[in-house]
Amino acid sequence: MGAAERGMLMTMEKCIENFAGKAVAGQVMEGREQIARTADKRRIAEWVKAAMEKLDTSVDKKTRNEIMENCGYNCAKVHSAIMKRAKARRSRFKTMDEFLAAEQLKPAKGTRLLRERNVLYQFYTPQAFTRPMRCYCSLLRGLPAEDRVSRTYCQCSKGFVKKFWENVLDRPVKVDLIQSAVTGADECKFAIHL
């Protein structure tokens with residue numbers, strides 16, 4: 001496991017501690033040190049899947065969603081260069097509508113945008129990325145095709161999408177997770193309420 005993934009696990013543990021306490025973090029993250037020493041992507045993904053199952057049984061839905069959304073906020077900070085590039089593209093247009101129209105015409109590989117009035121739908125199709133994968137998140141890239149992960153994990157992506165669009169648009173947005181590839185859908189789908 002690389003340094004980035006170890007950092008992600010440390011962040012997850014800190015978020016669990018912040019919202020649910022040290023004892024719950026210890027239960028959910030049991031075995032983190034051992035899994036952090038492996039390079040086996042399947043073992044990592046299976047450990048993360050088990051950790052999410054523990055989280056689901058340890059805290060209520062609101063708390064676990066907050067935990068994982070906060071992991072996504074942190075991920076957005078780590079990947080701030082992506083937001084800076086999008087913000088630079090946004091600065092070339094007079095209006096948000098012009099910017100969003102241009103973004104829909106030229107999406108990044110494995111992604112697409114669809115706007116319906118005041119809702120922007122963002123899609124990720126991990127199998128269509130340059131290197132096909134189960135999930136954009138490196139912690140789940142080794143997840144076997146037949147396995148499914150709790151929707152709780154995908155709240156992290158929801159948090160990332162929220163911070164991304166708030167940064168690019170310079171205002172708060174509401175984001176809904178509609179579906180995700182690791183829970184059984186063909187692609188991930190988020191609704192960004194403009």
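Visitor: At roughly what angle do the axes of helix α6 and helix α7 cross?

Guide: In this predicted model, helix α6 covers residues 80-91 and helix α7 covers residues 96-105. Their axes come within 9 Å of each other, and the angle at which they cross is roughly 120°.

Visitor: Is the crossing of α6 and α7 left-handed or right-handed, and how many charged residues does their contact have?

Guide: The two helices are oblique to each other, and their crossing is right-handed. In the contact, A86, R89 and R90 of α6 meet M96, F99 and E103 of α7. By class, these residues comprise 3 nonpolar, no polar and, for the charged class, 3.

Visitor: Why is α4 called oblique to α5?

Guide: Helix α4 (residues 41-58) packs against helix α5 (residues 61-78) with the axes 8 Å apart and at an angle of about 140°. Angles over 145 degrees would count as roughly antiparallel and those from 65 to 115 as roughly perpendicular, so the term for α4 relative to α5 is oblique.

Visitor: Which residues of α5 does α4 meet?

Guide: α4 passes α5 in a right-handed crossing. From the α4 side the contact involves M52, L55 and D56, and on the α5 side the partners are R64, I67 and M68.

Visitor: Which members of the largest nonpolar core touch the most other members?

Guide: That core holds 56 residues. One of the residues in question is L139, which, leaving aside neighbours within four places in sequence, is in contact with residues including M12, I44, V48 and Y153.

How values were computed: Residues numbered from 1 in each chain as written. Predicted model: local features only at pLDDT ≥ 70, side-chain atom pairs only at ≥ 80, totals over all residues. Heavy atoms only, no water. Axes fitted to C-alpha atoms, helices over the stretch in contact; angles between N-to-C directions. Helix = DSSP H or I, 4+ residues; strand = E, 2+ residues; numbered from the N terminus. Parallel < 35°, antiparallel > 145°, perpendicular 65-115°, else oblique. Left-handed = near helix turned anticlockwise from the far one by under 90°. Contact = heavy atoms within 4.5 Å. Core = buried A, V, L, I, M, F, W, Y, C linked by side-chain atoms within 4.5 Å. Buried < 20%, exposed > 50% of the residue type's maximum accessible area, 1.4 Å probe, protein only. Nonpolar A, V, L, I, M, F, W, Y, C, P; charged D, E, K, R; others polar.
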